[in-house]
Amino acid sequence: MDILILGILLGGSYALMALGLQLQYGVARIMNLANGEVLVAGSFGAFWFWTGLKLSPFLSIVPAALLAFAANWLVYRYVLRPLVRRAKSHGQLEVDSILATFGMSFILVGVMIAVFGGEYFSYSYLARPFEIFGQPYGLNRIVAFGGSAVLCIVLALWLTRSRTGLALRGVAVNPTAAGLVGIDVLKASALAFALGGAVTATGGALLSAFLTFDASLGVIFTMKALIIIIFGGVSDIRGAIVASFILGIVESAVARLIDPGLTLAAAYILFIAVLLWRPQGLFGRKSA
Amino acid sequence: MVRHLVSTFAAIAVAAAIGGGAHAAEIKIGASAPKTGPLAGGAAVTHWPNIRLWVHQVNARGGLKLKSGKAKIKLIEYDDRTNPGEAIKAIQRLATQDKVDFIVAPFGTGFNLATAPIFARYGYPQLAVSAISDKIETLTKRYPNIFFMLGSTTTFAGAVADILSELRKKGVIGNRVAMVNVADAFGIELANAARPIFKKAGFEIVYDNSYPLGTQDLSPVVKAAKAAKPDAFVAWSYPPDTFALTEQAKIAGLDVKAFYTAVATCFPAYAAKFGKSIEGNLGAGGINPDTPEMKAYFAAHKKFIGKSPDYWASAVTYASLQILEQAIEGVGTTDRKAVIAYIKKNTFKTVIGDVTYKNQNSEKFWTVGQWQNGVFYGVRSTGRPGAKPVKVKQGW
């Protein structure tokens, strides 16, 4: 039971790392390697809110998400759209976007080091035990999990029930066909990219309550997010959510039952197994 | 546009070169350490501020006193991106392209070992600080230009065992020790050194596991350690996991009378995050903060950098630069061979006390410190005076 709860809490954190990238890669077809840096920027926002303004770091979600939305929209509009326009194939866009966002990740790290310095940042917020079935868990983790759950549900509902969501899903499945039926693909992609950035920054703010972070930590989050979305299937947000929780539960089970040193190995074995037997991911469709 | 920019830069560079030539004598000092990557957070506390503080202080008093007159320091910094390959390239670049007069030793055990052959090849003194190893004897025999001053793994593990034995003798704790380590050269070497030492001291290691570098979800580890019902908890940990283990131990209610985490326990950020709850926590390092030299150093660091130094390797890093300064001034030129010989033969007055290298190793260092009333005091050392008695941790 304890393992299951720990795993679910960890899965919630993973979902926060991966959902934004899922939107950006699934819909806008941009493999955003600066994803982790955006997340760390969200963490810095929360840190600054807490230590500078003495406001709850969770309040920083609103400005952080809005700012990230605007910044990511601008990045898509002015940096990535030329790449989309000139790309002759999906493969070329992927290569170009990986290179472009890889470069952006360095810029973001540099800016954050210049602004905040390179040391570790950590603060205590809601670091109180909260008992579930007689076992203590960190309250900050539970709140972050709650935030993650709300985000997952809202996003999933919005994507499946709303008209815009339908358009985004259409683009995710087949951009050419979506264009043919009157969906503005570039607009939908820009929206997905900006929204993805906002989700990632929100995740960063929530995670900062219990993670120690520094300006160059982003790449770790990017790697985790990458595993999760490929594991879950690139074109379906449910895949990323389910994959996050599977990964969380497996990692905490391995840590508790076998050896904490093997958590990374377990995650990668799972990843390889999925690639071998279901290369399109858990929820992915066979390539069309 | 690009061509225009290039020509502008070229003009600035030429102007700078001419301007530089017109100035008085200058001594070039290079430094390469992480500004990004996993070790950047530690270097930003322990390493870089001390280099900047020292350069600022030396230049403020007119520079280093050479026979030819005073020479101001020009500092050249490189980011090794926490990558040994980059570190080697950066040191090589400093020696061959920038042609610096001296190079500050890099940050981290692995990085000092990786760059040692380059320092040796180009004949630069390497005053290693943040390098804890049991291979000191082998290395100093192989490289005549390397110096160590922070201690060896065996001494560190031995000092922890010594404190646990003392607490057991007082009847505060029993024999059960839970031990974890980060799966990285530092953590593995310390855990391997500690196992036989703890067993020999009669302790039973009831939980013994490692976790990968960079793991921050340590609740399963802390819960499993708690389930083993230990009397003492020892973690050979790195900064992010030191923070995570402490927070989880608080949340899970791991109430042991002796709680030890290694690197970063002595960081001001550790106290800032956990406040009074870390009273009695043990950690690697420590200093004697009450000496006048140390008080002056803390004040100067706070004034110039804007933050307090850590309670361990910060001061030692600064001391290594003081040694370099005194050796250069003692020789009176930038003759590196003479400086190395001078370092081997002389005793240096530093912020951590007198330092003398014996076979290129300073044998006086702090091994364990403890948070007592908001200050991280050294409680165990080899040959440094002023150790405080160990207190028993009273819950969180």
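These legends walk through several close-up views of a predicted model. Local features need pLDDT of at least 70 and side-chain atom pairs count only at pLDDT 80 or more, while totals for chains, interfaces and linings use all residues. Residues are numbered from 1 along each chain as its sequence is written, with chains lettered from A and ligands numbered from 1 in the order in which they are written.

**View 1. Chain A as a whole, with 11 helices and 2 strands.** Helices (H or I, at least four residues) and strands (E, at least two) are DSSP runs, numbered from the N terminus. Along the principal axes, the C-alpha atoms of chain A fill a box of roughly 55 × 45 × 35 Å. Of the 288 residues in chain A, 53% are buried (20 or more other C-beta atoms lie within 10 Å of the residue's own; exposed means 12 or fewer, partly exposed in between, and C-beta atoms are placed from the backbone).

**View 2. Two helices of chain A, α1 and α10, packed together.** Helix α1 (residues 2-26) and helix α10 (residues 237-258) of chain A pack at an angle of about 145°, and their axes are 6 Å apart. Axes are lines fitted to C-alpha atoms, for helices over the stretch in contact, and angles run from 0 to 180 degrees between N-to-C directions. Ala, Val, Leu, Ile, Met, Phe, Trp, Tyr, Cys and Pro count as nonpolar, Asp, Glu, Lys and Arg as charged, and the others, Gly among them, as polar.

**View 3. Where chain B meets chain A.** The contact takes 34 residues from chain B and 30 residues from chain A; two residues are in contact if their C-beta atoms, placed from the backbone, lie within 7 Å. On the chain B side, the elements giving two or more residues are α2 (40-46), β8, α9 (219-227), α10 and α11 (268-274). The largest share of that side, 8 residues, comes from α10(B). By class, the chain B side divides into 18 nonpolar, 10 polar and 6 charged residues.

**View 4. Helix α9 of chain B, mostly covered.** In α9(B), 7 of the 9 residues are buried, among them B:P220, B:V221 and B:V222. The buried residues of α9(B) pack against α1 and α10 of chain A, together with β7, β8, β9 and α10 of chain B. After α9(B) comes B:K229, whose phi is positive, near 50°.

**View 5. An open sheet of 7 strands in chain B.** The order is β8-β7-β9-β10-β11-β14-β15, with mixed pairing; two strands pair if DSSP finds at least two bridges between them. At the edges stand β8 (204-212) and β15 (375-382) of chain B, each with a single partner strand, so one side of each is left without a neighbour in the sheet. From one strand to the next, the twist averages 20°. Strands β7 (residues 176-183) and β9 (residues 232-236) of chain B pair in the parallel sense over 5 bridges, and B:M179 has B:V234 as its bridge partner in β9(B). Helix α10 (residues 239-252) of chain B packs on the sheet, touching β7, β9 and β10 (258-261) of chain B. The direction of α10(B) makes about 155° with that of β10(B).

**View 6. An open sheet of 4 strands in chain B.** Here the order is β2-β3-β1-β4, again with mixed pairing. The edge strands β2 (64-66) and β4 (102-104) of chain B each pair on one side only. Strands β1 (residues 26-33) and β3 (residues 69-79) of chain B pair in the parallel sense over 8 bridges. Helix α3 (residues 48-60) of chain B lies across β1, β2, β3 and β4, running at about 160° to β3(B).
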